[in-house]
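Please walk through this structure with the sequence and the model side by side.

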Amino acid sequence: MENKKESLFSARYLKQLTGPINAGNPVTVLVLGICPTLGVTVQLKPAIVMAISVLFVLTIANLLISLLRNTIPPRIRIIVQLTVIASLVILVDQVLKAYLFDVSKQLSVFVGLIITNCIIMGRLEAFALGNKPWPSILDGIGNAAGFGMIIIILAFVRELFGSGSVLGYPLFEKIGLYSVGYEDNGLMILPPMALIVVGIFIWIHRSFNKELVEEK
Amino acid sequence: MEDLVNIFVKAIFVDNMVFAFFLGMCSYLAVSKTVQTATGLGIAVIFVLGITVPVDYLMQNYLLKEGALVWLDPSLADVDLGFLSFIMFIAVIASMVQLVEMIVEKFAPALYTSLGIFLPLIAVNCAILGGSLFMQQREYNNIAEATVFGLGSGVGWFLAIIGIAAMREKIRYSNIPAPLRGLGITFILTGLMGIAFMSFMGIKL
């Protein structure tokens, strides 16, 4: 019997990487990772840092749990998963405090809350516990990319329309929009607007992906 | 006493876990399809928050923060175990949730089956960990303040999920554009409720 080894970047594996960016998007489809999406998207810089942190934690946690999947007793698997995630987040938190202190202060409790980010627990339970290491790594990168894409676009919209700047650079001021009477949309900086903008993202997303529309 | 009432009311309305900080959104969105399941989950959250925040307060002040270990041995005055907070808090929360799960299974089996996976998922509900982290950040003066904050946060979350569940039950009969049905309109509704709750900002008792 022929035992064909699947190439590292076969079509099936690439699907793992690209799936979560569109039809399997963790935020707009699976309803995971909503808390940081709403909490850290006031400005673009904290959102980018959060996206990279989640990428790091999700990929490595997926890898570790996948490597350990045959040795974890089922009764304590939640505790093992939480321990792995918590240790990785402590690492991220210390690195952020050391090298990016101002962003760390802006993110405040949301760095710790990466531990309870449902995407990480969700993917560990749904995927890493039952799959090999390489697909788990790809799944981690894919989901983190899907999540990162949503929060970066949301943060860009909120910062641009809420304070007229991009990554701190006062764009609208420089191109002279204020002199023609344009005013910043103060509501964009406030948390409720994030929810409404994500609702609009979902509207747009599902208009293009008809199969995601819910039944009456 | 005034302080305690102030903290309690502030935690329910002004610093509402859902509308001011967006914590606990995943269970909030997933369990709010009917008012019955929402009530069950809300009460479980009040219970868990009301116990984990004071317990974590004790841990924070007698074990974790800088100089906390002085009661054990004066020479340990400059030991700062703050970096262990995440793991310690999560351990307390996970054990509490396991306890709540056992109690609910024994005394309310119907609720247990209707909540399904979301009862153990309270352990990763960001509102619970967030409650403890806020308590750590705000440095309350005594355990009474911490308990009242925990209970208030729980009641705030409970109010939020009951509200959205009631609304979702009603709009099932409305004409919503197809792509917005279900999840999309819930997000927009929650955003509008958030704007409404902003009217409580700046209230001082």
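In which loop of chain B does B:E139 lie? This is a predicted model, and in it B:E139 lies in the loop between α6 (126–138) and α7 (143–171) of chain B. The backbone angle phi of B:E139 is near 55 degrees, which is a positive value in a residue that is not glycine. B:E139 counts as exposed because its relative accessibility is 62%, and the cut-off for exposed is over 50%.

Now look at the residue that follows in the numbering, B:Y140. Its ring is paired with that of B:F149: the two centres are 5.3 Å apart and the planes stand at 40 degrees, so the pair is called tilted. B:Y140 and B:F149 are both buried.

How many aromatic pairs does the structure hold over all chains? There are six. A pair of aromatic rings is described by two things, the distance of the centres and the angle of the planes. Another tilted pair is made by B:F13 and B:F200, with 4.8 Å from centre to centre and 40 degrees between the planes. This pair links distant parts of the chain: B:F13 is in helix α1 (residues 2–14) of chain B, while B:F200 is in the segment after α8 (183–197) of chain B, 187 residues apart. B:F13 is partly exposed, with a relative accessible area of 28%. B:F200 is partly exposed too, at 25%. Ring pairs also join B:F13 and B:F200 with B:F19 and B:F197 in a cluster.

The charged end of B:R138 sits over the ring of B:F134, at 5.0 Å from the ring centre.

The axes of α1 (residues 11–18) and α8 (residues 133–163) of chain A come within 7 Å and cross at roughly 30 degrees. That angle makes α1(A) roughly parallel to α8(A), because the cut-off for roughly parallel is under 35 degrees. From α1(A), the contact is made by A:Y13, A:Q16 and A:L17; from α8(A), by A:W134, A:P135, A:L138, A:D139, A:I141 and A:G142. Of the residues in this contact, six are nonpolar, two are polar and one is charged.

Note on methods
Residues numbered from 1 in each chain as written. Chains lettered and ligands numbered in written order. Predicted model: local features only at pLDDT ≥ 70, side-chain atom pairs only at ≥ 80, totals over all residues. Heavy atoms only, no water. Axes fitted to C-alpha atoms, helices over the stretch in contact; angles between N-to-C directions. Helix = DSSP H or I, 4+ residues; strand = E, 2+ residues; numbered from the N terminus. Parallel < 35°, antiparallel > 145°, perpendicular 65-115°, else oblique. Contact = heavy atoms within 4.5 Å. Nonpolar A, V, L, I, M, F, W, Y, C, P; charged D, E, K, R; others polar. Phe/Tyr/Trp six-rings, centres within 6.5 Å; stacked < 30°, edge-to-face > 60°. Buried < 20%, exposed > 50% of the residue type's maximum accessible area, 1.4 Å probe, protein only. Lys NZ or Arg CZ within 6 Å of the ring centre and 35° of its normal.
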